[in-house]
Amino acid sequence: MVNKITEAAVEFFDKTFLKGTLFTLDKLLNTLAKAAPAFKKELEAQDTTVQLKIRDNSQGRFLTFRNGEVTGKTGVFDTAEVEMIFEDENIARKVMMGQMLGDTVDFVNAAKNTSLVLNGPDDKAMWFSSLLLKVFAFDVLYLGNYGVTMENGEKRYVTGTNGGPLFVYVKDGKIVRVTPIEFDEEDADPWTITAHGKKFTPPKRTTATAYGMGWKSLVYSPDRLLYPMKRVDFDVNGDRHPENRGVSGYERISWDEALDIVGGEIARVRQTYGPGAVYHSRGSHHNWGTVGYFTSASNRFFNCIGATGMAANPDSWEGFAWGAVHHYGNTVRRGGAEPYSTVEDCMKNAEMIVFWSSDPESTSGVYGAQEGTIRRDWVKQLNIPVVHIDPYLNSTASFMGGRWIAPRPATDTAMALAIAYVWLQNGTYDKDYVAKRTQGLEKWAEYINGETDGIPKTPEWQAPITGVEARVVRALAEEWGKRKTYLACGGLHSFGSACRTAYGTEWARAMVCLVAMQGMGKEGVNFGGLQYGTPLDTHFWFPGYAEGGFSGDYMGNASGVQMYNRMPQSPSVNSEYQRIPRLRIPEAILEGHAEAFDMDNSTIHGQFRKVRYPAPGHSPVKLFYKYGGSYFGTQPESNRYADMYRSDKLECVVNQSVWMEGEARFADIILPACTTFERWDIGEFANCGGYIEKSYLQNNHRVVFMQHKCIEPLGQSKSDFDIFQAIANRLGLWQVFSEGNTEYDWVRRCFAATDMSKVISWRQFLKKGYYVVPPLPENRRDPLALNWFARGVKKDTPELTPLPSEYYGRYGEGLQTPSGKFEFEAQSLKRFDPDDKERLPICTYIPSWEGVGSEPYEKYKLQLISPHSKFSFHTMGDGKDSFINDIEQHRMLIDGYFYWIFRMNPKDASARGLKQGDIVEVYNDRGSVLCGLDLTERLPMGIVHSYESCSDYRPVGEPGKSPEQNGCINILTPKRFITKNAHGLAVNSCLVEVRKWEGECLKWKKCI
Amino acid sequence: MEKVHLVVDLNKCVGCFNCMVACKDEHVGNSWLPYTEKQQKHEEKWINPVKHERGTPPFTDLCYVTEMCQHCAEAPCEKTCPDAVHRRPDGIVLLDPEKAKGNPELVKACPFGMISWNEELETAQKCTMCAHLLDAGWKEPRCVQACPLRALSIVRCEDSEFDKLVEDQKLKPLYDGNHQPRVLYRNLYRYTTCFISGALAYKKDGVEKAAADAAVRLKLDGEILKEVHTDFFGEFKIDRIPKNSGTFEIEGLMPGYRPVCCEVTVKDESPCLNVMYFEAS
C-alpha cells in the first residue's frame, strides 16, 4: 500500500517536473539570451523547430527558433525538424537532473536503451542538444565565471603542458604571461624525507621547463594555422597532382568547403575501397589534457569512422621492451621497473648511483619538468658518489659532477659484461639472493667467462671496443661490488639513448641483470636516479591521458582498467583491424606491404606476434589523415616520408595541425587546430597513466588542474574535438561521437568520475584551477619497489599488474617470468627462438652493424648520437618562431637563420677544417642535413651529437632529394630494426661525415 | 633603505634557460611603460646563461654563467648618460624609455655589453629586475621565479648586511672594476680559475689498477700548496688554480711504491695529465 502511494507520488512528481521544465524552457532560453550576447549568438546560429515529447505523445512542447528568439507551445505536432523523445517522464526527470548535477549514468543508460532519442539533421540536432547543456554551464561559458581575478584586472587561469602546469595571466582576451604554479596557504604541505640526519622537503610550487615557459610564443606563433587550407593544385573533382605535395603552396578555404572535402573523401574511399582505406596516425604526444588528447577525442572519432591504425613501436623504451622484459617482466611499463618509494630509499640507503645513458635533467624523465632537479640537488648535498656513463657529457652529469665515462655508442653492453665478469671473478655479488630469487646465472657466466666462445669478457677485452680504459671499468666494477648501488638506466627506470642503438636490447638486458646480481629490491639496491618514486599518495585516483578520456575504447588504451566503471560513456570500437607498423609506414604505402612484430604491454610473449599489412580483406590505404607534422623530425631515415607523400598511391592527404610545419606542408587539405590554451580540458601534472603507470611519482606534488579556456581560438582554428565533431556531423555520426556533449561537458563528466569530486566542488575547482593532493603521513607511504620480491613475499606494491594469467604459479607471487624468478637465461626467448643470434636467451654483446669497424665506417668516421631533445619536447616548442629558438644551446643564429646544433670535439673539427659557428653539412648515404657547428669538450673524439626532433622540414631543393636546412637529423639515421625480431628503432647507431656548407640557404627573416 | 640584490650560484644552475625564456615571456609583446618598452622577440636578451667549459674528456667541467645587467651602484651607464639612467632608492637601475629612444650611445655606455639595441623600436633596453612586478607586490622577478633551484635568488637588505653576505659566502663580481654591482656570483671559480686533473695507476698481477686513495700534492718551487687524495678511479682534480699561474709540480704518493711526479704549466686552459704509473719501491 505504502509502495503504491510512493509510486504514485513519484509519477506525479515526474509528470509535474517535466511539464514545468518544458513550459519554462523557451522563456529560460530567451532570458539567457538577453543576459549574454554570446548566448544570443548561439541561438541565432540555427532557425529550426524542435518537438520535445514523451514517446506515447502524452506530453509535449513544440519550440520554434527564429532569429535568436524562441517561442513555445504545448502539445505534440508532426512538423518539427528536430525531435527529442523520452520513453517516459521518470527517465526525462532523471536525465535532466543528472545533467544538472553532473551525474550522467542515467543519460548514458537511457541513450543505450533507446529510452532517449534525438532525431533530425545532424547539425541542428547537435546544436539543440549542446544548447540545452550550455544552459547548465551558462555562467561559466557566457559570464566567464572561472579563474581568479587579480588586483590589476588580469585574470589568472591554469593550464597544463608537457613541460609542467602553468598559471596563465590574461588581459583583454590576450595572454600576458605564464608562470609555474606557486601554492598558497590553503594548499597541502609537502612531504619530508629524512636521510643521513638531514631533512629534505620540496618547495611549495611546481617547476616548468623552457618548452613549458615558452608557450605564449607558441600560441601567438606566426606559423599558426588560422584557416582551413587547400593545396592550390589539388582539385578533389579533377587532377589532384600528388607529385606536388611538399612543393605547391596553399589557399584559404572555408570550413564548409574543407569539411565537405574531408567528409566526402572519407565516405568515398571507404565506399569505393572498403575497410582500411582511411589511415590515421599522429605523433607520440599531444597538447596536454585528458578529453582532447589523441587517446580520447581522436581515438573515439577514428573508431567511429573505421580506420587503419598505427602499430606503435615502443620508441623511447625499445631495448627495455624488446629485451629486459624477458628477464623480469614489467611489461606494463615496457620493461621499466616499479618506482615506489625509491627516492626515499635511494637517499637513505644507496652508497653510489650509476647513471647509465640517463639524462633526466634533459628529458625530465617524461613530462616531469624540473621536479627531479630539486632531488638531485639533495643528493649533491648528501655527497652520495655518482658515476655517469654516456658518450656525451649530458646535462645530468655536468650538473651533478662525478666521473664521466664515455663509451662509444652501442658498445655499452661490452662494458656491462666486463663489470659482471669482475663480480663473478671476485665473488662480489649477492650470492644468497642469486640462489633464492634468480635462475640461470651459471648459463650467463659461461658466456661471460668465455667458456662458450673462448673470449673472457674482461675489462681488458672491452677496452678496444668501448674506448674506455680497462682500469676505469675495473675500478667501477670493484666499487659497485662493494657499495649498495642504485642504477639509473635511462632517465625513467628505462629510456636512454643506449636502448635505441643496434642491439640496444642487449644493453637494457645487461642493466637489469647487473642489478639482479646485486640483490634487486633490497634496501639501497634498485633502479632510478631520483626521477621517479616520490612519496606521494597513490590511492587518490585521477586518470592520465592513456586512460583514454571519453574514447570509450576499452581495447585501444587503458580505459578498460580504470575508466569504464567510473565515467559512464558509451563504448566505441574500431571494426577495422588493419594496422601499419610505424617504422614501415612509407614502405607500406609505396610498396603495398609491411610487417613487424607487435608490442604488447600486457604480456611478455605477446611481442612474438606479427602485424601484417595489408590485413586480410582490407583495402590498401588511400586517405592519409595525419595529426601534426612530427615524423620528419622523429622517425628514422625520414626522407622516406617525402617520397611517400608525393606518391599517387595516396589519393588524399589530410593534416590536422596547430602549426604549419613538417608533414603539414605535404597535405592536400589542412585543418587548423587550436592549442589547449583556447579550449577546455582537465589533467594532472606528469600523469600519463597507462603505459607509465603512476608517472606522477616523478613530481614533488600531485597537482590536478583545470585546463581553462584562457582565450578564444585564434582565427578560425577549432579544438580537435570540435573539428572531429564537425566531420562527424557530415557523416551522421554526431551522437555516436560525442553523445551530444561538448568538450566542456566531457571535462565536467571526467571531473565527476574522479576522486577530485570528493575533495573539491566543481565551482571551486573552476575558480582556483588546481588542487594539490595531500601526501600521506610517513607511516602510510608505499612499500619499496621490488622489496617484496627481494624478501620473497607476495607483491605488495600498489598496482594491478601483471595480469593474473601472467603468473604461472600462484597469483601475486614472484615476477612476471614463467619461473616467477629473475631469469638470467630467459625462458620466453628460449621458447621463441633459442638460436636467434641477435637475441639469445642470455644477454650477449653483438657489434653494431653501423659502428667502428663496420662496413659503412670506411666512408663515415663519426658516430652520431641523437638523444631526446632538451629544450623542445620532441618537436613541441621548437621552430614556430618561438622563444625556444633563442636558447643558444638549442639553435644557433647564423646569417639570419636559426640552425639546429651539431656538436663535435674541437680536434675532430680542426681535422676537417671546421670552426665554431660554421654552417656544416652532416651527411651519409641516407641524406644530408645542414646544422650550426658547436665545438665542445662534452664529446670525446669520433663521437658527435645532435638532438632528434627538429619540428619543421625545409629541404633546400626537391623534397626528399636535397639537403635539409632545418635540422631533421633523423634523415641520417637508419630505419633498420634494433634486432631482427623486434619492431624497434636503433637511431643511435649512425655513422656520418661532416663538411663545411658553401651553398645557398634560406633566411629566417624572409621565412616569416 | 633595503636594496634589491641578485645572487647567482653557478653550482645550482642546471642550464635550463628558464630565466631567459621567462624574461621573454614577460617582456616580448608586453609594454611596461614607464619602466620599459617591449623586448624584441629575437636577437635581444636581457638575461642569458652562457655555457663555459673547462678541461677535456673525461674531466670536462661545464657550467653556465648568467649574464645580465649588474645593477651597479656606480653604474658606468649612469656616468656616461646621467639623463637617461635612473638609479632607484632600492638600487635597481632603469633606463628612461623616452630618453633611451634613438640613443645608441647607451649601448656603448655599458662596458659589459648588457644594454641592448632594439632594432624594431630603435631604443636601448636592458633588464629592469621586473621592477613593474616588484612594485606591484611580486616577491621575485620572472627569471628568479622560473629558476628550479633558485640558482638565481633575490636578496633584499641594507648594504651593510649584504657586505657581510658577500664576505661569508665569498660572492664575487662577474666583471673587474669599481662599478659595485648588485648582481654577484657564488662559485664563480668554475668560470675564473683552472683545475689540474689526472690519474694514478699501478700494475698488479699483470693487470692495470686504479691507484685509489693515493696522495697527490700540488707543489710550486718545492712548497706544497695543496694535498688531495685520489678517488676510487685513482683520479684527482685540484681546482681553483688561477689562470696563468705558472709551472707546478704534481707529486703522487702511495705506500709501498716510488713517488711519481711531473710538471704542469697552467695557462688559460685546465690541463689534464697523462696517467702516471706507480712502480713498487
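About 190 Å³ of space lies in the second largest cavity, where a cavity is a set of points, on a 1 Å grid over the protein atoms alone, at which a 1.4 Å probe fits but cannot get out, and lining residues have an atom within 4 Å of a point. Volumes are the space filled by probe spheres set on the points, which are joined across faces, edges and corners. This is a predicted model, in which local features need pLDDT of at least 70 and side-chain atom pairs count only at pLDDT 80 or more, whereas totals for chains, interfaces and linings use all residues. Residues are numbered from 1 along each chain as its sequence is written, chains are lettered from A and ligands numbered from 1 in the order in which they are written, and side-chain values use heavy atoms, without hydrogens and water.

Residues nearest the centre of the second largest cavity include Asp359(A) and Pro867(A). Because domain 3 (318-537 + 782-832) and domain 4 (855-996) of chain A both contribute to its lining, the second largest cavity lies between them; the domain bounds come from an automatic or database domain assignment.

The largest cavity lies between domain 2 (234-314 + 546-678 + 713-740) and domain 4 (855-996) of chain A, since both give residues to its lining. Gly283(A) and His874(A) are among the residues nearest its centre.

| Cavity | Volume | Lining |
|---|---|---|
| Largest cavity | about 450 Å³ | 31 residues |
| Second largest cavity | about 190 Å³ | 19 residues |

The model scores ipTM 0.97 and pTM 0.97.

Terms used:
1 Å grid on protein atoms, 1.4 Å probe; cavity = no way out; pocket = protein on both sides within 12 Å on 5 of 7 lines; lining within 4 Å.
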